[in-house]
Amino acid sequence: MGLSGLLLLLGLFSPSWAGVTVQVPGLQVPPQYASRRADAQKLFTVSYDAYKQFAFGHDDLSPVSRGFSDGRNGWGASVVDAMATMAVMGLDDIFEEAVNFTANIDFSRSKTSSTVSVFETTIRYLGGLLSAYELSDEKFPVLVQKAKEVADKMAFAWVGNNDMPFGFMNFATNTPTRSTSNIAEAGTLSLEWFMLTKYTNNATYGDRAARSAKHIANLASPLPGLAAQGIDPATGNAVGSYVTWGGGSDSYFEYLIKYARLTNTDEHIYIDTWKTAVDSSIKNLLRKSTVGNFTYLADFDGSRIRHVGSHLACFHAGNWLLGGKLLQNQTIIDIALELNEGCWNTYAGTATGIGPEAFAYISDDGSFTGGNSPSTAQMNFYNQHGYYITSSAYILRPEVLESNMHAWRITGDTKYLDRAASAIDAFNKFLPATVAFAGLNNVNSVTSSLIDDMESFWFAEVLKYLYLTFDDPAHISLDDYVFNTECQPFKAPPALDSYGGSGKLVPAKPFAAQSGALPAVSPNAFLKSAGVPRGSR
Ligand SMILES: *[C@@H]1O[C@H](CO)[C@@H](O)[C@H](O)[C@H]1NC(C)=O
Ligand SMILES: *[C@@H]1O[C@H](CO)[C@@H](O)[C@H](O)[C@H]1NC(C)=O
Ligand SMILES: *[C@@H]1O[C@H](CO)[C@@H](O)[C@H](O)[C@H]1NC(C)=O
Ligand SMILES: *[C@@H]1O[C@H](CO)[C@@H](O)[C@H](O)[C@H]1NC(C)=O
């Protein structure tokens, strides 16, 4: 064989042996689960049919009252957020219909009077458009045009020479509307804006978003690698000293490792900071419950550990599994699997088999949560389950099933398929509303009242993660795609042989808690209810 033949062979076969692999090679879903993929698709089509009938073009369907709501500026968030799921499921007709709708969105102004969230608009609209463009083989250039339109408006959130954008802005005046932001808002832009650069060849987009994330990574932090939640985009300083993997911080950490993988950048700061954050979390935040020996990641409020957890934070297990595989670090993988058990247990323990919005626990260093001590009923629940519920709603969030999907693809253990199947059964049993599916006010009651809102992340995340759990693992493989925090897949370049960063942890810098304004939203304000805008995810 000549040299060119050898090179051809190397080229053909290199993906299977060169580069770090994330998934179990050759993994297949056993035949007894075959019907489950169709079950996930049915949840999607029933939901989307109802959305089309009662809410098309609006942001969310109200599945109890058969109405709609417009919490995402009225541009049709469910259509845009659902497009990549349609592409993944091969639903070509409604995909094309969605492209046609999207081509006519007017991003020059908000349809509602409310301000525009740079973060939410980036992860749902910008991410949704670019993922849909890519997954449909670049057939509809209008999707990039629309992505550019909305990004060019959001670009006004970077004021002057600030590294970070303001979190919210007024599209009518192109000016920011709030001062204090958080690291999730400022640090969850890098994947989407990088993709925009990829498809427009304008480096400014990606550079700006990366600069924002890097600025956070370079700040002194309350614990090594773990930046404080609050941030002031005007000064670039940290605000307060609250540390959490939950809402308001979550996807900043998530994107550190994902950006490194999506770009294969040789800048070490992303991997080094992610690794330091994980290492520091293991040393400082990891807790075992006194009942059940479950593993949790606590919050740190600047002086004390808070024994709390949340549905939002439960993405951490999947993220640590992905990063643990890329870094080839079995310690991180093993702890990630324990964290995944703790999160799944919050589903397994309730009367509906669906997990709550927020929970708490007790470890050998106490039960401090920053809030009320557990009631007698909560203690009884804790003594049975190893956690107790502090916010009982389920608002159609994905994170537990997201981590479960990662655990399946990364270990090949079919118990994760059984769990996803049980979630599908629980959804079919407890979520049906007048039309489609609704959230629950109380996951621990089989007669819970429903929440009259179907968030766009039901289409984008929950149903895509469920579908992919039962799909051929080679389709949208974790070795080929990086998911944004809204589960919009972006095609990644071939993996490198190692993702070691500099090999060193980031040195701690002395941290002085910033006095002055507290974060605009307290951690619990991220629990969306009664129209409170989500600060994260
Ligand atoms: C989308 O728009 C094109 C051009 O107007 C039209 O030909 C096509 O039938 C439309 N497709 C759907 C599914 O509405
Ligand atoms: C790239 O995008 C930035 C930000 O929107 C814009 O100011 C600049 O003019 C663009 N550059 C080119 C070459 O189009
Ligand atoms: C793997 O990660 C753990 C936790 O951060 C760390 O203690 C250990 O040194 C890492 N192992 C290697 C080989 O880097
Ligand atoms: C609790 O879990 C840890 C692993 O996180 C394990 O090492 C330990 O043995 C367990 N303890 C008990 C009492 O089961």
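I began with the shell around ligand 2, whose residues divide into 1 nonpolar, 2 polar and 2 charged. I note at the outset that this is a predicted model, and I read each entry below with that in mind.

**Ligand 2**

I looked up which residues surround ligand 2 and wrote down Asp152, Asn202, Thr204, Tyr205 and Arg208. Helix H9, which covers residues 203-218, gives the most to this shell, with 3 residues. On its own ligand 2 has 360 Å² of accessible area, and I recorded that the protein covers 40% of it.

**Ligand 1**

I turned next to ligand 1, and I found it surrounded by Asp93, Glu96, Glu97 and Asn100. By class, this shell holds no nonpolar residues, 1 polar residue and 3 charged ones. Ligand 1 taken alone exposes 370 Å², of which the protein buries 33%.

**Ligand 4 and asparagine 293**

Which residues surround ligand 4? I listed Lys288, Asn293 and Glu338, and I then looked up a side-chain distance for each name. For lysine 288, an N or O atom of the side chain is 2.5 Å from an oxygen atom of ligand 4; for asparagine 293, a polar side-chain atom lies 2.4 Å from an oxygen atom of the ligand; and for glutamate 338, a polar side-chain atom lies 2.8 Å from an oxygen atom of ligand 4. The protein buries 30% of the 360 Å² that ligand 4 exposes when taken alone.

I stayed with asparagine 293 and checked its backbone, where phi is near 55°, a positive value in a residue other than glycine. This asparagine sits in the loop between strand E9 (286-288) and strand E10 (295-297), so named here that I can find the place again.

**Isoleucine 476**

I made a separate entry for isoleucine 476, which has a positive phi of about 55° although it is not a glycine. I located isoleucine 476 in the loop between helix H17 (456-470) and strand E18 (481-483).

**Helices H2 and H3**

Last, I looked at how helix H2 (residues 34-55) meets helix H3 (residues 77-89), and I noted that their axes come within 12 Å and cross at roughly 145°. I recorded the crossing in which H2 passes H3 as left-handed. From H2 the contact is made by Ala40, Gln41, Phe44, Tyr48 and Tyr51, and from H3 by Ser78, Val79, Ala82, Thr85, Met86 and Met89. When I sorted the contact of H2 with H3 by class, I counted 8 nonpolar, 3 polar and no charged residues.

Notes:
Residues are numbered from 1 along each chain as its sequence is written. Chains are lettered from A and ligands numbered from 1 in the order in which they are written. This is a predicted model: local features need pLDDT of at least 70, side-chain atom pairs count only at pLDDT 80 or more; totals for chains, interfaces and linings use all residues. Side-chain values use heavy atoms; hydrogens and water are left out. A residue is near a molecule or strand if one of its heavy atoms lies within 4 Å of it. Accessible areas come from the Shrake-Rupley method with a 1.4 Å probe; for residues, only the protein chains shown count as cover. Ala, Val, Leu, Ile, Met, Phe, Trp, Tyr, Cys and Pro count as nonpolar, Asp, Glu, Lys and Arg as charged, and the others, Gly among them, as polar. Axes are lines fitted to C-alpha atoms, for helices over the stretch in contact, and angles run from 0 to 180 degrees between N-to-C directions. Helices (H or I, at least four residues) and strands (E, at least two) are DSSP runs, numbered from the N terminus. A crossing is left-handed if the near helix is turned anticlockwise from the far one by less than a right angle, and right-handed if clockwise. Contact means heavy atoms within 4.5 Å. A polar contact is a pair of N or O atoms within 3.5 Å; within protein, one must be able to donate a hydrogen and the other to accept it, and residues adjacent in sequence count only if both atoms are side-chain atoms.
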